[in-house]
Every structure is written in structure tokens, then in C-alpha cells.
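Here's a quick briefing to read with the model open beside you. Take the topics in any order you like.

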Amino acid sequence: MMQRQGSSDSTGPGPAAVATVTGARPGALPEALDVAIVSPEIVPFAKTGGLGDVLGALPPALERLGLRLCLFMPAYRSVLTGGFPLEDTGVRFSVPISGHRQEGSLFKTVTGSAIPVYLVRADRYFDRDYLYTTPDADYPDNAERFTFFARAVLEVLRKSPPRLLHVHDWQSALAAVFLKTQPQLYPELASTRTVLTIHNLGYQGLFSPEHWPTLSLERRFFTPDYLEFFGKINFLKGGLVFADAITTVSPAYAEEIKTAEQGFGLEGVLRRRAADLAGILNGVDYSVWDPETDPFIAQNYGPRNLAGKRACKTALQQAFGLPLDADVPLAGMVSRLTAQKGLDLLREALDGLLSRGLQFVLVGVGETSYQQFFNRLPLDYPGQVGVKLAFDEPLAHRAIASADIFFLPSRYEPGGLVQLYSLKYGTVPVVRATGGLKDTVEEFDPDRGTGNGFVFRRYQAEDFLAAVDRAIGLFHQRDKWAVLMGNAMAADFSWGRSARAYLDLYRKLGLEVGGAAG
Ligand code: ADP
């Protein structure tokens with residue numbers, strides 16, 4: 001726990017506002033900004049899940065609509081050592097932490113598009129092996145790390161005020177909090193409006209009250225109306241209270257999180273903010289996820305030429321030492337190994353699933369208990385199960401391309417990208433009807449030829465198995481399976497539509513955009 005001398009009773013807003021940004025070279029900071037986007041993950045620089053994918057693809061789609069943007073993320077070790085072009089902007093700043101000032105610098109890199117990505121650099125916070133958590137535990141100073149990040153972004157933006165500040169998840173949420181609760185520190189941003197996007201309500205940034213001085217906020221904000229949550233500090237809740245608008249990544253999830261079952265204790269706050277809460281479905285970056293161009297897979301293919309998909313299946317069977325049999329349904333999963341993803345259901349259903357003769361391949365990394373369980377499976381079911389316990393991007397592409405069926409039995413799923421990738425690759429998703437899965441996968445109707453996957457509702461092994469049975473049954477009816485695969489591959493979840501929905505929201509908040517937008 002980070003406890004600094006003399007800081008334990010620091011309840012004020014920290015040192016008075018002083019211009020602390022120095023050394024900026026001309027052009028070092030963004031100009032005439034519409035939106036500054038703040039995220040703890042951006043592909044290709046850092047990713048632990050869908051959040052990184054979304055922040056890699058949404059900004060270029062917004063830029064195509066005519067918006068002037070920049071991105072902010074921490075300068076993690078993966079960014080500093082990843083071979084990306086890095087530029088020191090010369091900007092140096094200091095921000096209040098625990099009533100003291102902590103220093104940092106601003107680096108810059110670019111994505112595939114011309115959008116500048118500003119890297120908040122403070123090596124003592126971000127030059128580490130992992131983003132948030134080691135295999136054993138969360139970093140003990142996460143509250144301080146992401147307080148610093150939020151403060152740093154605001155400090156830098158004082159020199160370059162955007163019309164809108166769009167923050168993502170708990171790691172960025174405090175930027176919206178500080179802006180509203182300490183306007184005297186950020187007078188240049190007085191008219192900047194804020195949007196908070198929730199990518200997963202299960203991760204809130206909860207910290208014990210000893211960390212309160214780190215935030216340099218008045219004590220009155222550590223109460224249940226604001227950042228207090230059952231005795232703890234809740235960063236995400238702060239964002240939910242103070243952001244001008246809130247979004248989440250599917251319409252269904254926007255409804256679900258207002259209920260006690262899915263609200264993780266924040267349903268009350270979300271219900272109070274219901275008028276300002278919208279669900280905007282995630283899209284897919286088809287320049288990365290397209291079987292016709294994917295450089296990672298054994299052979300490219302498309303809806304009119306599926307020979308490549310068969311080659312991919314054989315290659316994956318070979319890689320995992322499974323019998324090379326095109327007629328056995330190959331099921332797959334690419335997932336963080338955490339309860340959210342329905343792994344208990346999978347564990348319960350597993351004997352039943354494998355007794356149906358299918359092959360199963362899993363690529364995943366996460367909680368130790370699941371890793372231990374899945375590690376044993378290839379030994380328990382030799383020639384039937386392949387497991388790779390790692391975060392392996394190329395293998396994720398290969399698994400999605402090679403399988404016939406993908407399992408997404410999630411307990412809850414805010415948006416979900418894997419089912420969208422599966423569809424594009426003609427890999428039929430079997431999903432539980434929750435959140436973004438419910439919004440994007442429709443049960444196949446063999447008589448009418450409609451639908452793109454298989455859907456079950458209750459979180460019960462028998463319901464999951466029944467859906468898998470429907471999938472396997474159809475797999476063996478080649479003509480119908482071809483219709484289903486065609487429907488899946490035809491689905492279009494490109495970012496354009498979602499980006500326009502964000503633009504509409506920005507406009508409601510007062511953003512005026514000329515030219516190409518619309
Ligand atoms: P979440 O954000 O909850 O993890 P999503 O479906 O939105 O779920 O996004 C998951 C993303 O992470 C996808 O791009 C998926 O391919 C990727 N992914 C998950 N686990 C792994 C892994 N072990 N190796 C490589 N990529 C993974």
C-alpha cells in the first residue's frame with residue numbers, strides 16, 4: 001500500500017493550479033481537438049481483451065467521419081520496447097498525488113492512421129512486465145498509477161483543450177471526476193464535456209480507503225453519493241456519477257446493467273443515470289479480422305472459396321496432434337479464463353460435449369484454477385482436446401479460422417468480439433443469450449434458412465448441450481450447414497455504423513462537426 005509521509009490526512013484538492021506543462025515543442029500537442037480519447041489499452045500497443053481491439057479500430061472510424069482526434073494511454077513497457085516509432089514531445093508536467101507533485105513526460109507515437117497517440121510516461125508506474133496484475137496479484141499501487149494517468153491527461157490537455165473527453169473503463173474514469181470536482185485546477189477545460197464508456201462492469205477499480213489521499217479530492221466525495229462503494233473507493237462509480245454521458249458496448253448490456261443480477265452493485269447509480277446511458281454495439285476491424293487477407297492463418301479463404309478453411313482445420317488439428325479428420329466437428333474457444341466466460345458451465349458440460357465425438361481446442365490465459373483444469377484436459381482426452389495456455393494472437397486467429405463451431409457460453413458478455421470474428425470466418429457461434437451475444441447472434445432456423453448461430457438462454461449445462469446438439473446435428477447436413485456459414489460470413493459488423501452512433505452522441509453533447517460527418 002502506498003502511504004506517503006504527511007499525506008494521510010490530505011483532504012484538499014492538492015496544490016493550487018499552476019502551469020506545470022513545460023518544454024512543449026511547437027506542434028507537440030494536438031491542435032483544435034474535437035475529441036481526446038483516453039484508454040488503458042489500444043491495439044497494437046497494449047491489449048488484454050476486447051477493450052484494446054475497440055480502441056484500435058473506433059478512432060480511425062471516427063476520423064473518417066471528419067473528427068479531429070488524439071489518443072492517450074500509459075507508456076507501458078510493451079509500448080516502449082515494442083518497436084513502435086517513439087517521439088519525445090519535450091513536454092514535462094507534474095500532477096498532484098497524495099498532496100505532493102509527481103512528474104512525468106509525454107511521448108508520442110502513431111497508429112496505422114495519422115491519429116497521434118500520446119503516451120503518458122512515468123517509468124516507475126508503467127515500465128513493468130504486466131499492465132495491471134502479475135500472475136499472482138494486482139499491482140498494489142494501481143490506485144496511484146491510474147490516478148496519475150488521469151491527472152496527467154488533464155494536465156497536458158490544459159494546453160490543448162478538446163471539445164470532448166471520452167474516457168474508457170475504470171483506469172481512465174477519474175479524468176471525468178477530476179474535471180468536474182476540481183474545475184479550478186483545469187480552467188481551460190471548463191467547457192469540455194465528458195463521455196465514459198463501460199467495457200465491462202465487472203472491473204471497477206476498487207481500492208481500500210487508505211488510498212483516498214492519493215486522489216487529492218475533498219473528503220466529501222468519499223461518500224456513497226460519489227466514489228464510496230461499501231467502504232471502498234470505486235473509480236468507475238466516480239466516472240458514472242460525473243461523466244456527462246455514459247455508454248456501454250451493446251444495447252442489451254445497457255439494459256442488463258440496470259438490474260441487480262448484472263449491475264455489480266452499481267445498478268442504482270446506472271438507473272439514476274438511465275437518461276444519459278446508451279448501448280452502442282462494438283464493430284470489427286475487418287482490416288485485421290478477415291479470412292481473405294489474414295496473414296496468420298494457414299490458407300486464406302472467403303465465402304466463395306472455402307477450400308482454405310478446410311486447409312486451416314487440418315493445420316490446426318496437426319498443430320495440436322489431433323486426428324486429421326474433416327468430418328469431425330472441431331469446436332474452439334479463445335478466451336480470458338475467468339468465470340465471466342462461462343467456464344464453469346463448460347467444465348460441467350465437458351464430458352457430455354466430448355462424448356458427442358467432437359474435437360475441442362482452447363486458447364486462453366487467466367485464473368489459476370481454470371488453467372490447472374484445462375492443462376489436464378489433453379491428457380484426460382488424448383486425441384480429442386488441444387489446449388494452449390497463453391495470450392497468443394496468431395494462434396487466436398488460427399483457432400477462429402480453423403474451427404467449425406465456437407463456444408461462447410458466457411455468464412455475461414458486455415459486447416463480445418470473438419463471436420463477431422467467428423461469424424466473419426464462417427465459424428458458427430454457440431452462445432448464451434446475454435449482452436452483446438444476444439444482440440449479434442440469432443438462432444438458425446433450418447426451414448427458413450435464417451439466423452447465424454445457436455443460442456441458449458438459461459445458464460445450465462443441459463441447455464448448452466442442447467444448443468451444441470443442434471449445431472452438431474446441422475453440421476452433418478452439409479447443404480444446410482453451407483447456408484448457415486453463408487449467413488454468418490455475410491454479417492456486417494464494420495465500425496462505420498457504430499462510429500456514427502458515437503458521433504450522434506457527441507453532437508448531442510454539443511460537438512459541431514463540419515465536412516465529411518453525417
Ligand atoms: P473480453 O474483452 O471480455 O476479453 P472480447 O470478446 O470483447 O472479450 O475480446 C476478446 C479479445 O481478446 C479478442 O480479440 C480475442 O481474440 C482476444 N483474446 C482473448 N484471449 C486470448 C488469448 N489467450 N490469446 C490471444 N487473444 C486472446
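How many Å separate the centres of domain 1 and domain 2, taken over C-alpha atoms? The answer is 34 Å. A word on the ground rules: this is a predicted model, in which local features need pLDDT of at least 70 and side-chain atom pairs count only at pLDDT 80 or more, while totals for chains, interfaces and linings use all residues. Residues are numbered from 1 along each chain as its sequence is written, and side-chain values use heavy atoms, with hydrogens and water left out.

**Domains and cores**

- The chain splits into domain 1 (15-279) and domain 2 (307-492), with bounds that come from an automatic or database domain assignment.
- Their contact (heavy atoms within 4.5 Å) takes 17 residues from domain 1 and 17 residues from domain 2.
- The largest nonpolar core has 142 residues, and Phe72, Phe93, Val120, Phe148 and Leu165 touch the most other members. Such a core is a set of buried Ala, Val, Leu, Ile, Met, Phe, Trp, Tyr and Cys residues joined through side-chain atoms within 4.5 Å; buried means under 20% relative accessible area, exposed over 50%, and partly exposed in between, with a 1.4 Å probe and protein chains only.
- Helix 4 (residues 142-157) gives this core its largest share, ten residues. Helices (H or I, at least four residues) and strands (E, at least two) are DSSP runs numbered from the N terminus.
- Domain 1 and domain 2 both give residues to this core, so it lies between them.
- Leaving out residues up to four places away in sequence, Leu165 touches a list that includes Val153, Leu154 and Leu157, along with Ala175, Leu179 and Val195.
- There's also a second, separate core of 38 residues, with Val430, Phe456, Leu465 and Phe475 among them.

**Around the ligand**

- An N or O atom in the side chain of Arg336 is 2.7 Å from an oxygen atom of the ligand, and a backbone N or O atom of Leu417 is 2.9 Å from one.
- On its own the ligand has 560 Å² of accessible area (Shrake-Rupley method, 1.4 Å probe), and the protein covers 94% of that.

**Two buried spots**

- Asp34, in the segment before strand 1 (35-38), is buried at 3% relative accessible area. Its side chain reaches the backbone nitrogen of Arg68 at 2.8 Å.
- Gly302 sits in the loop between strand 12 (277-279) and helix 10 (307-319) and is buried too, at 4%. Its C-alpha atom is 9.9 Å from that of Gly486, 184 residues apart along the chain.

- Most residues other than glycine have a negative phi, and most peptide bonds are trans.
- The peptide bond from Val43 to Pro44 is cis, with omega near 15 degrees.
- Ala32 has a positive phi of about 45 degrees, and Asp169, in helix 5 (residues 169-181), has a phi near 60 degrees.

Conventions
Polar contact = N/O pair within 3.5 Å; in protein donor to acceptor, adjacent residues only side chain to side chain.
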